[in-house]
Amino acid sequence: MRNIIKNYSVEYLQVLNQEGQADNSQMPDLSESKIKEMYHLMVLVRVMDEKLFKLQRSGKIGTYAEVRGQEASEVGSAFALEKNDWMCPSFRETGVFITRGAPRDKIVQAWRGDVRAFKSDSRNLPVAIPVGSQTLYAAGIAWASKLRGEKDVTIVYFGDGATSEGDFHEALNFAGIHKLPIIFFCQNNQWSISTPKKLQLASDTVAQRAIAYDIAGIQVDGNDALGVYKATKEAIDRARNGGGPTLIESVTYRMGDHTTSDDASRYRSEADVNLWKAKDPVVRLEKYFRNIGTWNDDYGRWVRETCEKEVDEAIAKALAVEKPGPDELFDYVYAVPPKDLIEQKKILQEEVKQRGL
Amino acid sequence: MAKINMVQAINEAIKSEMARDKKVLIMGEDVGVDGGVFRVTDGLSTQFGPNRVIDTPLAEAGIIGTAVGLAINGMKPIVEMQFIGFSYEGFHHINHHVGRMRQRSEGSVSCPIVLRGPSGGGIKALELHSESPETFFIHSQGIKVICPSNPYDAKGLMISAIRDPDPVIFLEPEKLYRSFKDEVPEESFTVPIGEAKVVRTGKDVTIVSWGAMVRLCLDVAEQLKDKVDIEIIDLRTLWPLDEDKIIESVKKTGRAVIVHEAPRTGGYGGEIASRIQEKGILYLQSPVIRVTGFDVPYPQFALEEYYLPNAERVIKGINSVMNF
Amino acid sequence: MDFKFPDVGEGITEGKLVAWKVNVGDSIKSEQTVASIETDKAIVDIPSPVRGIVESLPYKVGDVIFVGKTLMTINEGGSSGVNSNNIPRQEKIEESRIEKKIESRIYAAEPSRQAIQQSNNFSYNSANDGKILAMPAVRKAARIKGINLSTVRGSGSHGQIVLSDIGVKLSDITGVQTAEYRYTPAQQIKQSAPAASPAVSSTFNNKSYSDILATLATKQLSRELGVDLTQVRGTGNNGMITADDVRNAAKAVQPSAGSSAIKPEVITAASIQIARPVSYGDGTSTNVPFNSIRNAIYKHMTETHSIVPHFTITDEVDVTELYSFREKYKEHYEKQGVKLTYLPFIIRAVVDALIKHPYINSSVNDTAKEMILKKYYNIGIATDTPEGLVVPVVKDADKKNILQTAGEIAALSGKARERKLSLDDMRNGTFTITSLGNSFGQAFTPIINHPETAILGVGRIVEKPVILNGNIVPRRLMTLSLSCDHRIIDGAEASRFMNDVKWNIENFETLLLN
């Protein structure tokens with residue numbers, strides 16, 4: 001006997017097409033002002049991103065990972081979260097932090113390598129450098145919420161590269177077994193430094209990996225803010241109502257280099273990048289507003305100026321902060337520092353004093 | 001003779017070995033088209049093609065694990081970890097298989113890989129980009145661990161490592177990748193594994209160090225040259241340890257200071273100090289002092305200058321053995 | 001302002017100018033791109049940090065620029081310029097000097113004044129040619145005292161110079177009182193080697209052991225008593241060394257190489273250290289280091305228990321008559337300054353029995369596999385002191401009457417209390433009596449005072465109902481517990497001995513007649 005015992009499919013969602021035209025049957029439940037709010041945040045992200053890049057070039061912050069081109073993917077998804085939901089980023093989620101209300105100056109301070117910027121009770125985990133490993137602790141966080149019967153969900157962000165790590169697969173498996181209230185949000189920006197999608201993934205889509213673990217999965221146009229919002233909102237509702245995990249593949253593009261230490265022109269062509277310029281997410285929303293007649297250029301200018309001001313203020317504030325001292329090195333390694341660390345801190349403090357730092 | 005930096009030296013070593021031996025291949029993230037994030041494998045992909053210069057997916061366990069298999073079946077893989085701190089993602093392979101394959105099979109199969117990557121700090125990099133994990137590898141057993149401090153040694157040791165029948169972990173101090181140039185012969189040459197080098201002779205104090213810290217110690221020795229005569233031993237190979245050279249030096253000077261970036265407790269300095277007192281206690285004038293990082297995880301880079309050993313701390317270490 | 005080429009990250013120290021994006025005299029905005037520079041990793045666009053007028057661009061395309069060096073100069077805010085013609089040349093000269101500096105000085109951070117100051121007064125090595133062997137403590141002591149170690153001969157192990165060679169105590173250097181080494185390492189090695197059987201020749205003063213004129217028994221005795229036979233003058237026939245000669249020598253001499261017997265550690269008044277409890281940790285326990293008595297007992301008991309197979313016989317002795325006797329006369333003798341306890345009677349009773357049972361007044365030579373039956377009777381009395389158990393010995397108890405014995409017991413107890421017992425007071429016992437005292441148990445299993453072969457434990461006197469001639473009468477009973485070395489003494493012999501002791505005590509009057 002030889003039968004097909006299971007059939008699977010992969011779903012794709014897009015609300016706004018490249019021209020900013022909406023598929024009304026798929027419109028999410030968002031008021032006009034809410035969409036404008038989302039737009040404002042995306043511009044803020046873009047401005048912050050530009051200025052952070054320049055700060056790196058002037059030696060004022062360390063290595064920085066741009067989010068240019070991924071504004072819709074980040075803002076659209078984070079916009080759907082409640083305050084008490086948990087957010088686990090990788091290292092390219094500046095847009096998510098902004099949408100979640102993180103103080104703007106702290107964002108700049110974090111890229112200056114100042115660990116104090118991450119101190120918060122916001123349920124945003126700090127930036128995670130090791131790729132993919134955050135999917136596992138995100139699953140653990142979701143698990144705890146479920147064990148306590150809480151309604152909070154967890155979202156974890158990662159890139160296409162992370163889906164090659166073993167940790168990612170273990171996380172999906174755990175989440176599937178226990179029907180954890182978690183959203184696995186993959187920003188597939190097509191590149192892992194120089195590794196294109198075809199060298200990174202054996203599968204054609206990331207979304208189909210959900211099938212292997214029998215969890216919900218969907219691929220969404222990552223440059224479509226409304227589509228991203230809708231897909232994420234559905235996943236959040238599913239998780240909150242006990243429906244288990246969702247894997248969302250947000251198809252977008254990394255317009256900039258991997259980080260400020262990278263030079264993408266070594267491995268990809270201008271033409272490739274230009275293809276995606278036409279899909280610019282911020283511009284797409286502007287097109288949408290024009291299409292429905294709620295745009296005017298003054299508004300656009302006002303948004304831009306307001307964002308520039310906000311970011312400039314944040315930068316000034318962050319740059320004025322004195323750099324951290326010996327306390328930060330020792331005080332948070334343990335809940336109560338053991339004898340050795342107390343002694344070592346004294347040695348460092350003495351040295352700092354003597355060197356006049 | 002041409003003066004090149006460490007990146008170029010390692011590039012030359014890998015290139016010459018890949019040309020000489022078809023079994024040698026290099027695999028890792030972004031090593032091919034991009035030439036590596038530090039450009040250590042620049043140009044290799046063009047010369048040797050995608051079957052020998054392999055751009056892998058983002059999967060350290062996968063990279064190390066498959067490399068073990070490649071090595072068992074006759075290839076000589078050079079495995080790049082983009083930053084050595086990322087090797088933790090595949091550490092279980094290092095411990096489960098890399099160091100054990102030969103012993104487990106009584107020599108029937110072995111694992112001659114070279115696992116290399118940027119290590120150590122000092123360039124204000126992001127978290128986990130500045131690790132010094134040498135003791136984890138040494139303590140796993142069955143593996144050789146190398147850390148050069150200059151372009152000449154880097155080239156010679158890399159060639160030796162690739163030719164070595166045992167697995168070698170090659171720690172490349174990222175601080176030293178481009179910070180200076182050295183005269184390095186264009187042709188292939190080897191530097192023996194397991195041999196330390198006295199890079200500065202002296203009669204008052206022995207400093208034992210490796211990697212970027214060797215440069216720091218040379219600076220300090222130069223600064224203090226009118227007050228104290230410092231002998232500096234660059235280990236070059238951390239394991240197997242060239243104990244004899246260290247003891248010979250301590251017999252002469254009677255004073256030892258060990259300098260390393262890794263945190264103090266459980267750091268390799270403890271092992272070296274222990275051997276010095278075992279074999280040389282009757283020659284010691286003072287306790288053996290270690291100048292190391294603090295017992296904290298390597299911090300975010302705004303605190304880097306507090307964490308790393310610096311001239312101040314090395315001088316204080318020398319003071320304490322001289323003033324005992 | 002001098003706009004210095006910023007640290008663009010990740011170890012980049014230099015770059016090559018690809019293109020200027022502005023010209024001299026241009027008015028520029030903050031963040032405006034001014035140059036494209038190629039590093040090993042990427043081509044980076046450098047933004048201006050300020051608004052102003054471009055004053056000078058001192059490099060041309062293809063030039064190498066170092067991080068931290070002036071990339072260009074900008075007139076901030078306003079106009080007018082300083083003559084910039086000289087600047088580029090100056091920069092170039094500095095640059096080549098700095099190039100060398102960067103190669104040799106990667107770490108620019110300067111150390112503190114304090115650190116440098118401390119390095120001004122180093123104490124240099126004296127003779128560190130690898131031929132002088134000494135621990136760091138010794139070297140430091142030599143430095144402090146101004147002693148040249150190359151002139152000192154080392155008496156320690158491995159030829160090392162030790163503290164005593166240079167007349168220094170450890171506390172002189174550390175400032176802390178610690179236990180001094182009892183022996184220097186060289187002596188310690190000689191001390192710890194146990195003397196083997198007579199077959200192994202040990203040379204004393206170049207004289208081979210087998211040359212010495214003495215019987216085997218005398219030689220064994222000498223080993224037991226720690227007497228160097230080469231130092232003993234023989235008073236026997238042909239200059240033969242007798243047992244008495246050995247014993248007399250023993251009274252005058254410290255123990256050297258031990259016998260196969262294990263001796264308790266030498267305890268003198270000076271060497272008894274009171275152990276002070278040391279608390280450390282979390283307060284749930286207190287650590288008390290061994291003092292010298294505890295250490296000796298520890299060793300002794302461990303060794304005895306592992307070598308000697310013990311058995312214990314107990315019996316009850318009717319001391320009703322003895323009790324009455326003592327009650328009747330104890331005050332009388334107290335007035336004479338004699339404390340009349342039961343012990344002198346017991347000793348007398350025991351000695352009398354030992355004379356009849358020589359195997360119980362003996363010791364063993366393990367290597368020669370012989371028993372040494374002693375013809376002298378030194379009865380050890382186990383005595384409790386605040387520092388621990390000590391066993392002073394009543395010498396030649398067979399030659400002393402009860403009063404004399406009582407007197408000696410009192411004297412020894414007094415000395416023990418005042419920690420004035422001498423070495424001699426505690427040596428050469430042949431049998432030991434140990435009493436629990438009046439307030440504690442009856443039967444117990446005392447541990448033999450090796451190398452003796454038996455020990456008698458005395459329990460407290462209890463009034464008990466006893467059947468005499470068919471009647472139940474109250475009698476005073478004392479339990480005796482005799483432990484014996486079963487390698488030498490059999491149960492039968494032990495029982496017979498015990499019966500004799502018992503009879504002697506119950507019929508103590510016969511002891512008075514002796």
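Within chain A of this predicted model, 77% of the contacts between residues at least 6 apart in sequence join residues at least 24 apart. Chain A has 357 residues, of which 51% count as buried. Its secondary structure amounts to 14 helices and 8 strands.

The sheet of chain A may be considered next. Strands of a sheet pair through backbone hydrogen bonds, in either a parallel or an antiparallel manner. In chain A, 6 strands form an open sheet with parallel pairing, and their order is S1-S7-S8-S4-S3-S2. Strand S1 (12-13) and strand S2 (86-88) of chain A stand at the edges; each has a single partner strand, so one side of each is left without a neighbour in the sheet. For S2(A), the pairing with strand S3 (residues 154-159) of chain A is in the parallel sense and extends over 3 bridges. Cys88(A) is placed opposite Val156(A), a residue of S3(A).

Helices of chain A also pack against these strands. Helix H5 (residues 134-147) of chain A lies across S2, S3 and strand S4 (182-188) of that chain, and runs at about 170° to S3(A). Helix H9 (residues 225-240) of chain A likewise packs on the sheet, where it touches S1, S4, strand S7 (216-221) and strand S8 (246-251) of chain A. The direction of H9(A) makes about 170° with that of S8(A).

The description now turns to the contact between the two chains. Chain A contributes 36 residues to this contact and chain B contributes 32 residues. On the side of chain B that touches chain A, at least two residues are supplied by each of helix H3 (60-72), helix H11 (304-307) and helix H12 (311-322) of chain B. The residues on this side of chain B comprise 19 nonpolar, 3 polar and 10 charged.

Helix H12(B), which supplies residues to the side touching chain A, also packs with a helix of its own chain. Helix H8 (residues 212-223) of chain B and H12(B) meet at an angle of about 65°, and their axes are 10 Å apart. The crossing of H8(B) and H12(B) is right-handed. From H8(B), the contact draws on Leu216(B), Cys217(B), Asp219(B), Val220(B) and Gln223(B); from H12(B), it draws on Ala311(B), Val314(B) and Ile315(B). By residue class, the contact of H8(B) with H12(B) divides into 6 nonpolar, 1 polar and 1 charged.

Technical notes
Residues numbered from 1 in each chain as written. Chains lettered and ligands numbered in written order. Predicted model: local features only at pLDDT ≥ 70, side-chain atom pairs only at ≥ 80, totals over all residues. Helix = DSSP H or I, 4+ residues; strand = E, 2+ residues; numbered from the N terminus. Buried ≥ 20, exposed ≤ 12 C-beta atoms within 10 Å, placed from the backbone. Contact = placed C-beta atoms within 7 Å. Nonpolar A, V, L, I, M, F, W, Y, C, P; charged D, E, K, R; others polar. Pairing = 2+ DSSP bridges. Axes fitted to C-alpha atoms, helices over the stretch in contact; angles between N-to-C directions. Left-handed = near helix turned anticlockwise from the far one by under 90°.
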